Amino acid sequence: MRCAHGKRDGMKSIRECLYEADLDMETLVCTREQEFPLSTLAERLKCPRRGSHRVALVFEPPPSRDRATA
């Protein structure tokens, strides 16, 4: 997850927020229930520094043993 607020606040230029964090999938499942749709996760997160709900998510699948040996 990273903040996607940008460099502008209306007509004013502001310093871009560089906040980034790794989200733990196990914790998300435990706190949001197993049936929680991951497609709506970004709508429910917010940047702790800026307070903006505009965040970007990147999903990376865990490494596979099959891919490692290929």
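How many helices and strands make up the secondary structure of the protein chain?

## Fold and overall shape

In this predicted model, the secondary structure of the protein chain amounts to 3 helices and 4 strands. Taken along the principal axes, the box filled by the C-alpha atoms is roughly 50 × 30 × 15 Å.

Among contacts in the protein chain with a separation of 6 or more, 46% are made by residues 24 or more positions apart.

## Surface and charge

Of the 70 residues in the protein chain, 17% count as buried. The accessible surface comes to about 6200 Å², and carbon and sulfur atoms account for 50% of that area.

The side chains of the protein chain include 13 positive and 11 negative ones, and the centres of these two sets lie 12 Å apart.

## Cysteines

The structure holds 0 disulfides. A disulfide is a covalent bond that joins the sulfur atoms of two cysteines. For Cys 3, the closest cysteine sulfur is that of Cys 47, at 3.8 Å, which is too far for a bond because a disulfide requires the two sulfur atoms to be within 2.5 Å.

Cys 3 counts as buried, its relative accessibility being 5%, whereas Cys 30 is exposed, with a relative accessible area of 64%.

Ser 52 is placed in the loop that runs between helix H2 (41–44) and strand S4 (55–56). With a relative accessibility of 8%, Ser 52 counts as buried. When residues up to four places away in sequence are not counted, Ser 52 touches His 5, Lys 46 and Cys 47.

Val 55 belongs to strand S4, and with a relative accessible area of 13% this residue is buried. Leaving aside residues up to four places away in sequence, Val 55 touches Met 1, Arg 2, Ala 4, Ala 42, Leu 45, Lys 46 and Cys 47. Although Val 55 and His 5 are 50 residues apart along the chain, their C-alpha atoms are separated by 7.1 Å.

Methods. Residues numbered from 1 in each chain as written. Predicted model: local features only at pLDDT ≥ 70, side-chain atom pairs only at ≥ 80, totals over all residues. Heavy atoms only, no water. Helix = DSSP H or I, 4+ residues; strand = E, 2+ residues; numbered from the N terminus. Buried < 20%, exposed > 50% of the residue type's maximum accessible area, 1.4 Å probe, protein only. Contact = heavy atoms within 4.5 Å. Areas by Shrake-Rupley, 256 points an atom, 1.4 Å probe, with all protein chains shown as cover. Lys, Arg positive; Asp, Glu negative; His and termini not counted. Charge placed at Lys NZ, Arg CZ, Asp CG, Glu CD.
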